[in-house]
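Hi,

Here is the structure you asked to see. My notes follow below it.

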Amino acid sequence: MGAVVIGMDPHKRSATIEVMTGNESIVGGGRFATDAEGYRAMLNYAKQFPERTWAIEGCNGIGRHLAMRLLADGEQVVDVPPKLSARARVFATGQGRKTDATDAHSVALVGTRMAGLRPVVNDKQLTVLRVLADRRRALGEEHNRLIARLHHLLLELIPGGAKLHLSHMQARALLAKVRPRDAAGKAIRRVASELIGDLERNHERTKAADKELKQLLAETGTTLMQLRGIGPYNAARLLVEVGDVTRFPSKAHFASWTGTAPIDASSGDHVRHRLSRAGNRQINHVLHIMAVVQLRNQTEGRAYFDRKKNTGKTSMEAMRCLKRRLSDIVYRQLLTDMLTPAGTGPGGHSGTALTSSVADSHPDIDSSDKPLPGPVTTKPRTASLAAS
C-alpha cells in the first residue's frame, strides 16, 4: 500500500483518526478512547499500515498527551497547527462545519499535502521548561488578579485608593493605618488583609519559580537572558515555543511567525504596511515586553525608537519597527546558541547593537519596513548545520 498519513483529531478522552494515502485516498479510520485499552486498540489498528506517519493537531496543546505516548512507542509524529487544519477544512468542504470526522480528515489532508511540518520530539529538558514556564505564567496571572481585588477593597477604605504599582509590604503598611469602626468596614479590612497574605505567598512562590527557571536555563547553555529585556520566563517561553530554530529559513520567516513582520497594504502609488495580528501571540508578547524594557532605559533600542519617531513615524509605528528589529536579534541569538558551544561565543555578541547588520547584509536596508516573506525555497543545509 505504501506510505500513509494518519490524521488525528485529539480530545481529552477520545481521538478520531483517518488514514490517507499519498494520492489522498481514504483507506481507514475510526474513533478510539484515550485510556490504556483504547490507546492499545488504536495502535494495533494502525500497525496494519507499516509505513505510517501520525499527523496530530495541536501537539503543543490538547494533542500533546497522545503525541508523547506515540513517541514513547517509537512512532513518527508531526505537528499540524490548528489554523492550518482549519483552512484545509474550509477549502476541502466548502463550508466551516466542524465535526471530529471532518477535523481528522482536514488534519490528514495537511499531513499529506504539506512538506516541512514540524516533527514532534520528546525532549525531556524542554518538557520540564514548558511545565515551569506555564507555572510561572499562572503565578503572574494570579498576582494580577489579587492586586486588582486588593485595589478594589482599598478604594473603599482609603480615599482615592492606593498607588498603581503596589507591593504586599506597601499594602500592609497602608492597611495598618486604617481602623474602621462599622461592621462593613471591618469586614472589608479583614478580607483585604487575607488578600495581602495571599499576595505575599504568591510573591514567594514566584521568586522560587524564577530561581528554578534560571537554574534550568543555565543547564541549557542559552544566552537569551543576556539580551536586555529577556528574563527567565521569557527566555524559557522562547525556547519552548521555538524548538528547533533551523525550521525557520531566514529571519524574515521568523518575524512572520512572531507576528512582527508588517503586512504589505500598498495600493497604487501609495506604499504602506499595516500591523500583523497573526503569528505566535505569546512570543509577540515576549518581544513587546523586551521592547518596553529597552524604552525605559537609555539603550540602543531607545535610540532606535527615537530615530524612527524623528523620521515622522508615530509612537505605535516606531514600536512596531523596534519589535521587528528585536525579532531579528532574538533569531540570531538562538542560531548562535545552537551553533556555538557554551562559553565560546563571539565576545560582546549578546549586546548586539540595533544598528548592526543583524537586520540585513546591508545596514541601510531597514528590516522593519519589509513585508511578510515569500515562499520558502528549499536549500540543502550545510554539513555543520545538519550535524548540529
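K308 sits in helix α11, residues 300–310. Helices here are DSSP runs of H or I with at least four residues, strands are runs of E with at least two, and both are numbered from the N terminus. K308 counts as buried because its relative accessibility is 11%. Buried means under 20% relative accessible area, exposed over 50%, and partly exposed in between, with a 1.4 Å probe and protein chains only.

Before the rest, the ground rules. This is a predicted model: local features need pLDDT of at least 70, side-chain atom pairs count only at pLDDT 80 or more, and totals for chains, interfaces and linings use all residues. Residues are numbered from 1 along each chain as its sequence is written, and side-chain values use heavy atoms, with hydrogens and water left out.

Next, the second largest pocket. Its volume is about 710 Å³. A pocket is an open set of points on a 1 Å grid over the protein atoms alone, where a 1.4 Å probe fits, with protein on both sides within 12 Å along at least five of seven lines; lining residues have an atom within 4 Å of a point. The volume is the space filled by probe spheres set on the points, which are joined across faces, edges and corners.

The second largest pocket has 26 lining residues, and R136, R137, G140, T206 and Y233 are the closest to its centre. Twelve of the lining residues are polar, eight nonpolar and six charged. Asp, Glu, Lys and Arg count as charged; Ala, Val, Leu, Ile, Met, Phe, Trp, Tyr, Cys and Pro as nonpolar; the others, Gly among them, as polar. Helices α5 (124–157), α7 (183–220), α8 (232–242) and α10 (281–295) each supply at least two lining residues. α5 gives the most, seven.

α8 is mostly covered, with eleven of its eleven residues buried. Its cover includes α5, α7, α9 (251–258), α10 and α12 (315–339), where contact means heavy atoms within 4.5 Å. Just after α8, G243 has a positive phi of about 70°.

Last, the cysteines. The whole structure has zero disulfides, a disulfide being a pair of cysteine sulfur atoms within 2.5 Å. C59 counts as buried because its relative accessibility is 2%. C321 is buried too, at 4%.

Best wishes
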